[in-house]
Amino acid sequence: DGAVLRLSSCPLGYVKVNGTEASQECAVCGAGTECTSSDCVSCTPCGAGTYKTSSSAQSCDLCPINSYNPNVGSSSFADCIGCGNGGVTSGSGMTSATDCSCSSGRYQAIPLVGAAECMVCPVGGRCNDQSCALASSSLACADTGENVTGTWTRDNVTNQFRLQGCPKGHSLVNTVTGSDVFSHDSQQCLKCNEQFEYILNPDSDSCQSCPAGLQCLGTDAYTKVVAGSAWAADGAVLRLQACPEGYLMVASPVTAQECTGCPAGHECKGSSCATCIQCAAGKYKTSAGSQFCQECPKNTFNKNPGSSSFADCTPCGNGGVTVQAGSARASDCTCPPETYQAEGDNAASCTTCPVGARCADQSCALNNANFKCGNTTRIQGTWEVDATSNQYILRSCPSGYSRVTTVEGSNEFVHDVQQCSPCDTRFEYILNPDTDTCQACPAGLNCDGTASYTEKVEGSTWTADGQVLRLQSCPDGYRINNNV
């Protein structure tokens with residue numbers, strides 16, 4: 001230009017410096033800058049997605065594939081941030097973390113600080129084809145069009161998804177079994193079994209096994225097996241509080257809780273009964289259930305507790321009656337006045353009163369204290385209960401009486417004819433009341449109806465021969481007459 005040289009242009013990549021004649025030059029751009037036109041008069045910062053580490057005429061380099069750089073003027077390769085955890089880009093020079101695509105089964109989390117990450121999809125965010133619904137802005141599965149179960153939000157710092165709540169019938173899971181430490185990958189709304197489990201609070205409780213006394217629906221709703229049973233929540237668990245009267249309350253273990261009937265021969269009295277008790281004597285119960293033991297009907301008795309059969313109600317027998325139902329002893333059976341009660345192990349029988357135990361009014365003295373008729377007169381003889389038949393047996397009679405236990409002409413015992421038969425106090429004697437019969441008094445004796453006598457002829461001698469008295473000798477001047 002006249003006498004001066006002027007710089008007209010620079011090669012691509014250089015910046016044209018137009019200063020004084022002495023300072024004119026084509027200069028290189030520094031790190032993080034570049035010139036991309038032939039008439040470049042100033043260096044421009046490297047664009048996002050690129051970097052330049054030193055001064056040179058070179059253009060800024062693109063960040064490699066599977067990385068991104070959101071910053072302008074980067075002078076370090078370190079500004080190219082890897083997508084992380086398997087994330088990929090469609091090419092090089094990417095400018096945003098959103099340019100990173102995560103593989104199926106992962107979603108992208110872009111934290112406030114640090115690189116974006118492709119996070120493993122939590123269990124509850126996975127679709128049937130194992131893709132991650134959380135990678136979609138709608139949180140829906142492409143294969144079904146359905147949203148994932150639960151309420152999912154991103155953490156403000158980590159940008160990772162957190163499961164915040166689950167619908168009824170699901171348990172919010174965010175730990176591994178046996179630990180209380182949060183586990184991102186374990187997050188899910190676990191569905192409770194609709195037949196065998198329940199859950200009261202989906203966001204804090206786990207699925208609980210349905211107790212035996214409830215029909216569960218997999219939610220907090222349930223049906224009581226026994227109407228009138230009372231249940232209440234105790235933390236995450238339903239607890240049986242009370243049962244209707246007649247039911248046994250089984251309170252543990254938790255899964256066995258129920259109101260159940262007692263077995264045959266047992267019953268429960270009062271609400272919240274904790275133990276089945278045996279039916280009391282005088283009652284019975286034939287089958288398991290909540291029903292109470294029944295009273296044996298009138299004119300029967302049952303001395304055995306825990307009876308499970310109506311057959312245990314034993315009839316009084318032979319006209320015996322009871323005042324009311326539910327009698328527990330054979331002695332509760334009242335016999336007609338002309339009989340007495342013979343109590344056996346399993347029965348009571350009103351037995352005909354023996355002849356020798358009858359009072360003047362034909363009532364039976366064996367029913368009375370001390371075997372008395374009225375207040376004073378006692379029947380004759382010693383009467384005892386036979387251990388086998390439980391009937392009264394006349395064991396002995398007092399002096400002057402003959403113990404009668406058979407009918408004439410027979411040696412067989414007959415209960416009803418038993419008596420102490422008195423011998424005639426003038427014309428009979430008896431040596432042994434328990435074995436002998438009354439004998440006619442011989443002509444040579446004066447008899448008083450007992451074993452005592454006096455000889456009419458002084459000096460005569462008499463001896464017993466079995467149950468008979470025999471004349472043995474007479475004094476001088478008398479002869480023995482044994483014809484009678």
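Mentor: Before we start, one convention: a residue is buried under 20% relative accessible area, exposed over 50%, and partly exposed in between, using a 1.4 Å probe and protein chains only. This is a predicted model, where local features need pLDDT of at least 70 and side-chain atom pairs count only at pLDDT 80 or more, while totals for chains, interfaces and linings use all residues. Residues are numbered from 1 along each chain as its sequence is written, and side-chain values use heavy atoms, with hydrogens and water left out.

Trainee: OK. Arginine 395: buried, exposed or partly exposed?

Mentor: Arginine 395 counts as partly exposed, because its relative accessibility is 36%.

Trainee: And which side chain does arginine 395 meet in a salt bridge?

Mentor: Its partner is glutamate 384, at 3.4 Å, N to O. A salt bridge here is a side-chain nitrogen of Lys or Arg within 4 Å of a carboxyl oxygen of Asp or Glu. The pair links distant parts of the chain, with glutamate 384 in strand β33 (residues 382–385) and arginine 395 in strand β34 (residues 392–396), 11 residues apart. Strands are DSSP runs of E with at least two residues, helices are runs of H or I with at least four, and both are numbered from the N terminus. Glutamate 384 is at 40% relative accessibility, so it counts as partly exposed.

Trainee: What network are Glu384 and Arg395 linked in?

Mentor: A network of salt bridges that includes Asp386 as well.

Trainee: How many salt bridges does the count come to?

Mentor: Eight. One of them joins aspartate 220 and lysine 168, at 3.4 Å from N to O. Aspartate 220 is in the loop between β17 (214–216) and β18 (222–224), and lysine 168 is in the loop between β12 and β13 (170–173), so this pair ties together parts 52 residues apart in sequence. Lysine 168 counts as exposed because its relative accessibility is 56%, whereas aspartate 220, at 34%, is partly exposed. Aspartate 332 and arginine 329 also meet in a salt bridge, at 2.8 Å, N to O.

Trainee: Switching to rings. How many aromatic pairs does a search of the whole structure find?

Mentor: Five. Rings of Phe, Tyr and Trp (its six-membered ring) pair if their centres lie within 6.5 Å; planes under 30 degrees apart are stacked, over 60 edge-to-face, and the rest tilted. Tyrosine 107 and phenylalanine 161 have ring centres 5.0 Å apart and planes at 65°, so the pair is edge-to-face. This pair links distant parts of the chain: tyrosine 107 sits in strand β9 (residues 106–109) and phenylalanine 161 in strand β12 (residues 161–165), 54 residues apart. Tyrosine 107 and phenylalanine 161 are both buried.

Trainee: Which residues do ring pairs link into a cluster?

Mentor: Tyr340, Phe371 and Tyr392.

Trainee: What lies over the face of phenylalanine 182?

Mentor: Arginine 162, at 3.9 Å from the ring centre. For phenylalanine 292 the residue over the face is lysine 269, at 5.6 Å from the ring centre. A charge sits over a ring if NZ of Lys or CZ of Arg is within 6 Å of the ring centre and within 35 degrees of the ring normal.

Trainee: Backbone next. Where is there a cis peptide bond?

Mentor: Between serine 252 and proline 253, with omega about -10°. Proline 253 is in the loop between β21 (248–250) and β22 (258–260). Most peptide bonds are trans, and most residues other than glycine have a negative phi.

Trainee: What is phi of asparagine 66?

Mentor: Near 70°, a positive value in a residue other than glycine. Asparagine 66 is in the loop between β6 (61–62) and β7. At 30% relative accessibility, asparagine 66 counts as partly exposed. Glutamine 130, not a glycine either, has a positive phi of about 70°. Glutamine 130 belongs to the loop between β10 (117–120) and β11, and at 47% relative accessibility counts as partly exposed.

Trainee: Last one: which residues does the UniProt domain annotation cover?

Mentor: The unreviewed UniProt entry puts "domain: Tyrosine-protein kinase ephrin type A/B receptor-like" on residues 40–80 and 273–313. UniProt positions are in the numbering used here, feature names are shortened, and annotations may be inferred rather than shown by experiment. In the model, residues 40–80 are 0% helix and 20% strand, with end C-alpha atoms 27 Å apart. Residues 273–313 are 0% helix and 20% strand, and their end C-alpha atoms lie 27 Å apart.
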